[in-house]
Protein chains: 2
Amino acid sequence: MRTGEKILDRAAATCILTLCFVCLHVTALKSQLFTRLGGLPYSTEPPVSYKTFYFDQKIDHFGFLEDGTFKQRYLLSDKYWQQPGGPILFYTGNEGDITWFCNNTGFMWEIAEELGAMLVFAEHRYYGESLPFGQDSYRDSKHLNYLTSEQALADFAVLIQNLKGTLPGAQHSPVIAVGGSYGGMLSAWFRMKYPHVVVGALASSAPIWQFPGMVPCGDFYKTVTQDFAKSGINCDANIRKSWKAVNNVSSSASGLQWLSEEFSLCAPLKNKNDVLTFKSWLQETWVNLAMVDYPYEANFLQPLPRWPIQVVCKYLSFDSTVSDYQLLQGVAQAAKVYYNYTGSSPCLNTSQTATSSLGYLGWFYQACTEMVMPMCTDGVQDMFEPEEWNFQAFSDECKAMFGIRPRADWAGTVYGGKEISSHSNIIFSNGGLDPWSSGGVTSNISHSLVSIMIPDGAHHLDLRYSNDLDPPSVRAARELEVKYFREWIKKAKKAHRAAPTG
Amino acid sequence: MRTGEKILDRAAATCILTLCFVCLHVTALKSQLFTRLGGLPYSTEPPVSYKTFYFDQKIDHFGFLEDGTFKQRYLLSDKYWQQPGGPILFYTGNEGDITWFCNNTGFMWEIAEELGAMLVFAEHRYYGESLPFGQDSYRDSKHLNYLTSEQALADFAVLIQNLKGTLPGAQHSPVIAVGGSYGGMLSAWFRMKYPHVVVGALASSAPIWQFPGMVPCGDFYKTVTQDFAKSGINCDANIRKSWKAVNNVSSSASGLQWLSEEFSLCAPLKNKNDVLTFKSWLQETWVNLAMVDYPYEANFLQPLPRWPIQVVCKYLSFDSTVSDYQLLQGVAQAAKVYYNYTGSSPCLNTSQTATSSLGYLGWFYQACTEMVMPMCTDGVQDMFEPEEWNFQAFSDECKAMFGIRPRADWAGTVYGGKEISSHSNIIFSNGGLDPWSSGGVTSNISHSLVSIMIPDGAHHLDLRYSNDLDPPSVRAARELEVKYFREWIKKAKKAHRAAPTG
């Protein structure tokens with residue numbers, strides 16, 4: 001994306017400064033800054049074949065003053081579509097370039113033929129090429145004002161109504177929403193708010209309950225910690241000890257230099273602020289590893305070995321007699337598993353934990369408005385430095401950055417929080433290794449709001465291409481998901497046949 | 001309401017001019033101008049007892065740039081409320097002053113005691129005292145931009161969440177939405193979009209299908225015609241003939257004078273435009289009569305006899321030999337039943353068919369944005385001059401008046417149109433005499449989306465105070481409605497008891 005580079009640069013700079021402040025006070029903001037939902041990689045198979053289209057969407061669905069339109073990008077593959085009436089699998093795009101999600105959601109590509117399904121991948125407004133105000137989309141809070149999940153859902157609804165109205169043979173095609181992470185939240189919410197548009201939804205690793213008052217703020221980091229605890233002896237304990245070791249070692253100039261060299265940092269640590277950034281970066285590294293702890297080698301931001309946390313933990317199995325320096329040598333080795341598995345990185349950059357700059361600022365804006373996801377650590381049940389959730393500090397930070405304040409209760413009010421039992425036909429799949437499962441639906445709510453747990457799965461493993469090393473749990477999950485899809489499709493077709501006419 | 005008087009005056013003037021244009025081209029706009037949904041009277045019993053509150057609502061729920069708030073008025077009566085946990089009947093306010101709806105929705109007041117219910121009447125934004133920008137709320141399309149049904153529903157949801165969170169004993173109170181006409185549409189949509197907030201809805205005389213492509217545009221006026229056809233011999237036929245008679249008589253200056261005198265018009269007819277306005281006013285008079293064809297004397301805009309159309313039709317039973325002048329003498333007598341039943345009106349004003357100026361402009365804005373309700377006449381199946389539905393002309397008119405254009409398909413996309421079967425717990429009650437029943441749900445959709453027909457009922461008769469002259473059908477309807485309320489309440493309480501904690 002070549003849009004708003006100046007702004008992105010400025011924002012990136014702000015973020016880095018911000019983080020230095022933030023890590024002193026607001027774990028949640030820090031986490032949201034770094035841990036972008038869905039900003040995580042899938043393994044990529046050879047390019048899939050689709051056509052790219054652009055659809056004129058209203059910039060504002062909920063007001064009539066702003067009557068302008070923008071081009072929403074969507075990708076379409078009808079290779080296996082059995083028309084008329086064959087189903088449509090509709091990916092509800094996340095905060096990123098839709099081609100990336102398209103190329104990496106292997107599950108949809110693998111089941112298209114057996115379902116006779118058309119595939120559609122719709123880009124989320126303000127990401128990729130779907131920019132409401134082009135280069136100016138991120139200029140200020142005025143231009144960002146239409147970046148909300150409600151507008152995105154309305155885009156999806158309008159697009160689908162249009163496709164069904166204009167594509168020959170699609171008029172009576174049942175549509176199923178599919179999404180992972182934030183895209184999975186959108187899939188679930190889409191079915192809740194527009195059940196006349198989609199017959200069901202697969203919400204994979206969708207933390208729809210990671211909002212204020214719904215789940216304990218510490219669960220996310222607890223899960224991260226558990227992943228490390230079970231991947232190697234003393235692994236979590238040594239990471240827990242490492243923060244103090246960093247503090248100790250970094251208290252002297254020579255220690256700062258030693259740390260910088262040991263971690264092969266691109267920019268040497270110079271002061272306390274740098275150390276705070278460094279610790280945030282490390283924390284985020286462990287979080288990212290927990291999210292992508294896949295059972296096979298995967299090429300994402302950077303290539304990773306299979307079960308990467310096990311590999312990382314090999315460097316962190318010290319007993320209690322280890323010195324600070326020895327411990328941090330191990331941590332450095334561990335970090336390099338994530339950042340330099342192939343050995344091709346000349347140095348490590350503490351301002352970066354993810355490759356894709358796409359969507360970074362957009363997701364931050366969303367976190368600062370609707371997507372308020374409290375997180376906290378206590379250093380006891382998790383392996384991180386204790387930090388409470390501080391909404392006010394978070395809000396102030398958002399105000400300083402965007403000139404707007406988050407609304408802590410809005411997501412719960414508009415999407416129902418835990419009171420969603422009157423809805424139907426939603427699959428919530430979650431991986432037991434995935435920290436985002438802490439905010440997910442992990443038990444059945446009703447016979448048609450079902451949870452599928454994948455105990456040895458990380459972040460939306462089920463949406464990835466199948467792999468010989470897939471654990472049986474994810475194979476079973478995918479089979480069950482397709483079974484539900486078939487049921488929804490069958491019911492929709494039956495209802496259509498039973499309808500009087502048209 | 002003493003708000004924006006200048007603007008209202010200007011707008012009223014515009015409307016009158018507009019109508020002269022409109023009646024040439026756009027029946028639907030004309031109808032929407034005059035026939036304000038819910039702008040109809042209920043019979044008023046002695047003042048009910050409630051407390052008035054004001055709640056700070058966000059002006060914009062769907063964007064974060066506009067972070068201002070306004071005071072939403074709501075009325076509350078807890079006289080019969082059995083706390084903790086007693087139900088809340090929540091009136092989803094229409095386009096008007098909420099005290100008027102409160103004082104006139106006798107049904108809620110009559111069932112409060114037996115249900116142990118709290119009553120809440122929430123005012124719709126931009127009406128009554130709930131003005132987002134105070135005196136400036138109607139100034140221009142910029143200030144009107146937050147007048148949408150979606151914003152109103154969000155207001156209701158936020159208000160209820162707040163009440164349940166702050167009123168001792170209300171935390172687990174099941175809430176039922178109640179509304180009539182546009183308020184009934186809001187009740188139904190509220191249950192569809194916020195099923196976690198309300199356990200069910202009574203949507204009385206709610207034309208949720210009076211939108212493009214959902215019902216034939218001529219059905220509304222057909223029902224009006226049928227009401228007159230069955231209320232007196234030749235009644236509809238003579239009204240059908242009257243338009244040509246007006247044209248004939250008004251073709252001369254002496255005829256214009258005769259007409260003006262015969263109808264006791266406050267302002268004599270002077271030209272063709274005046275005649276067009278005159279015919280629109282007459283047409284609207286018949287429509288209003290159809291809506292309020294109640295079985296007992298009712299004091300609304302002006303006092304009316306019981307079964308007013310029967311009284312009107314006594315003046316319109318001529319056989320085919322009647323002259324234009326004789327016919328129009330009858331029409332004048334008939335019109336005076338509506339406008340001068342008590343004999344206290346010195347003259348009749350063709351720019352007025354409803355007393356309440358409240359909400360007039362607001363509803364017009366809503367009709368020009370989301371609430372696009374096609375209507376047409378053919379002069380054969382109805383008793384009016386033929387006029388096609390012309391969306392483009394309607395849209396142009398809206399553009400000229402507000403600087404915005406309606407979105408014909410939006411209401412269907414956001415609220416589901418006819419595809420609403422996945423929802424639950426909504427009662428759609430309709431009166432067989434009510435022209436708005438043409439856009440209503442008049443047969444069961446599922447076991448929990450039910451239709452209650454009141455064959456001899458006019459516009460939301462069931463929501464009015466009971467009356468000795470009520471037909472058995474409306475008594476039965478009210479009983480059935482309460483039965484459903486009890487079921488929903490019982491189910492909600494059972495679900496709450498079954499929940500793990502809190």
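Predicted model: local features only at pLDDT ≥ 70, side-chain atom pairs only at ≥ 80, totals over all residues.
View 1. The peptide bond that joins Q83(A) to P84(A) is cis, with an omega of about 5°. In chain B, P84(B) is found in the loop between β2 (69-77) and β3 (88-92), and the bond leading from Q83(B) to P84(B) is also cis, with omega near 0°.

**View 2. The open sheet of chain A.** In chain A, 8 strands form an open sheet in the order β1-β2-β4-β3-β5-β6-β9-β10, and their pairing is mixed. The edge strands are β1 (51-58) and β10 (449-454) of chain A, each of which pairs on one side only. On average, and with direction ignored, neighbouring strands of this sheet are turned by 20° against each other. Strands of a sheet pair through backbone hydrogen bonds, and the pairing may be parallel or antiparallel. An antiparallel example is the pair made by strand β2 (residues 69-77) and strand β4 (residues 118-122) of chain A, which is held over 4 bridges; within this view, the bridge partner of L76(A) in β4(A) is V120(A).

**View 3. Two helices packed on the sheet of chain A.** Helix α4 (residues 106-115) of chain A packs on the sheet, where it touches β2, β3 (88-92), β4, β5 (175-180) and β6 (200-204) of chain A, and its direction makes about 150° with that of β4(A). Helix α6 (residues 182-193) of chain A packs on the sheet as well, touching β3, β5, β6 and β9 (426-431) of chain A, and the direction of α6 makes about 150° with that of β5(A).

View 4. Strand β5 (residues 175-180) of chain B pairs with β6(B) in the parallel sense over 5 bridges, and the bridge partner of A177(B) in β6(B) is A201(B).

View 5. S205(B) is placed in the loop between β6 (200-204) and α7 of chain B. The phi angle of S205(B) is near 50°, which is a positive value in a residue other than glycine.

**View 6. The packing of α7 against α8 in chain B.** Two packed helices are described by the angle between their axes and by the distance between those axes. Helix α7 (residues 219-229) and helix α8 (residues 235-249) of chain B pack at an angle of about 125°, with their axes 7 Å apart, and α7(B) and α8(B) are therefore oblique to each other. On the side of α7(B), the contact is made by T225(B), F228(B) and A229(B), which meet C235(B), D236(B), I239(B) and R240(B) in α8(B). By class, the residues of this contact divide into 4 nonpolar, 1 polar and 2 charged.

**View 7. The surroundings of V311 in chain B.** V311(B) sits in helix α11 (residues 308-313) of chain B. When neighbours within four places in sequence are left aside, V311(B) is in contact with P305(B), R306(B) and V337(B). Although V311(B) and V337(B) are 26 residues apart along the chain, their C-alpha atoms are separated by 7.4 Å.

**View 8. The interface of chain B and chain A.** The contact takes 38 residues from chain B and 38 residues from chain A, and the area buried between the chains is about 3300 Å², of which carbon and sulfur atoms give 60%. F62(B), F64(B) and R407(B) supply 27% of the area that chain B buries against chain A, more than any other three residues. Across this interface 2 salt bridges are found; the side chains of R407(B) and D67(A) meet in a salt bridge at 3.1 Å, N to O.

Methods: Residues numbered from 1 in each chain as written. Chains lettered and ligands numbered in written order. Heavy atoms only, no water. Axes fitted to C-alpha atoms, helices over the stretch in contact; angles between N-to-C directions. Parallel < 35°, antiparallel > 145°, perpendicular 65-115°, else oblique. Contact = heavy atoms within 4.5 Å. Nonpolar A, V, L, I, M, F, W, Y, C, P; charged D, E, K, R; others polar. Pairing = 2+ DSSP bridges. Buried area = accessible area lost by both parts, 1.4 Å probe. Salt bridge = Lys/Arg side-chain N within 4 Å of Asp/Glu carboxyl O.
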